[in-house]
Amino acid sequence: MEKKYNIGVIGGDGIGPEIIKEGVKVLKSVSEVLNFKLEFIEYDFGGERYLKTGETLPDSAIEEFKKLDAIYLGAVGHPDVPPGILEKGILLKIRFELDQYINLRPVKLYPGVWTPLKDKKPEDIDYVVVRENTEGLYCGIGGNFKKGTSDEIATQLSINTRKGIERCIKYAFKLAKERNKKKSLTVVDKANVLTFEGDLWRRTAIEISKEFPDIKLDFAFVDATCMWMVKNPEWFDVIVTNNMFGDIITDLGAITQGGLGIAAGGNINPEGVSMFEPIHGSAPKYAGKNVACPLATILAGGMMLETLGEKKGFEIIERAIIKAISEGYIKSLEAGKMGITTTEAGDLIAKFVQEIK
Ligand code: IPM
Ligand code: MN
């Protein structure tokens, strides 16, 4: 019997709906070629809905999401909504409630893509950041005291559980083993200052490393890591780090692989429902202009297929993207500079998918 996957689609805000439309187009094309069925269920959560109804994401939606095979997200963030409301109310709520404890962010330079790193080639920039996705500074635990006075205090707690760290590090070790490349795992932290959490991460990693004797484990401070990601990206294979550091270093990683136009990520619950998205935001200034680069979203769709067990689907999408870039069909990954429109870029990749198979 033909396999069928139910995919929840949240276009969201800004350029979100435009790029997700192209992603869906490409996924449909892949499903025709590989003979599986995709059912897309659209949701209108985002800034517009919040401004109209005051609702971000009701609990009933989370219950519906739990029955899906995966979620495909454009971007959230609206200029008329104060920062934090949509991010916490939609994006982080989904990550937390669906326990998507891994944020998987490959940093891979494709042939023909311009990188700001001088003399670095595709073989030098190919690693994956495994970002812890449900703890750390993102828990929202903290508060303020004497708000609005000159004695005001604000606290924001970093939560690190043994269980949370362990499952994340295990995932990273397994990934290093599956990738079968440099067979190395780098734990990125700030153990020289954040001594309590750093110590827990390091002890946990050393303990788990005994289950993975063929993977080389090392440790690096996050500030130095930023430098090496620019100077010697070829040193990395798999990086594992906490939520906050992972957020920051993956924007840096993204620019080294050609920019946010191509950087994709997955919020993964290996035992549950995962969500895939470009790592860029809603870019309101480009919204509605048909100029945004949809490649990151399309690639995120590929990662979704891979996680669903359709590895070939990912490979076809990746090859179609490489063809479009390296043969000059898409001139730049920056919004407005691609040389073609968002829609045309989606059409092109969907067509290449049919040709490549
Ligand atoms: C990301 C984003 C989010 C994050 C924001 C929008 C909450 O920057 O996915 O990297 O910080 O995780
Ligand atoms: Mn980010």
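How far is an oxygen atom of ligand 1 from an N or O atom in the side chain of Arg-131? The distance is 2.8 Å. This is a predicted model, in which local features need pLDDT of at least 70, side-chain atom pairs count only at pLDDT 80 or more, and totals for chains, interfaces and linings use all residues. Residues are numbered from 1 along each chain as its sequence is written, chains are lettered from A and ligands numbered from 1 in the order written, and side-chain values use heavy atoms, without hydrogens and water.

| Side chain | Distance to an oxygen atom of ligand 1 |
|---|---|
| Arg-95 | 2.7 Å |
| Arg-131 | 2.8 Å |
| Tyr-138 | 2.6 Å |

The protein covers 76% of the 320 Å² of accessible area (Shrake-Rupley method, 1.4 Å probe) that ligand 1 has on its own.

The residues around ligand 1 (a heavy atom within 4 Å) are Glu-87, Leu-91, Arg-95, Arg-105, Arg-131, Tyr-138 and Asp-247. Five of the shell residues are charged, two are nonpolar and none is polar; here Asp, Glu, Lys and Arg count as charged, Ala, Val, Leu, Ile, Met, Phe, Trp, Tyr, Cys and Pro as nonpolar, and the others, Gly among them, as polar. Domain 1 (1-103 + 263-357) and domain 2 (116-256) each supply at least three residues to the shell, with domain bounds from an automatic or database assignment.

Terms used:
Polar contact = N/O pair within 3.5 Å; in protein donor to acceptor, adjacent residues only side chain to side chain.
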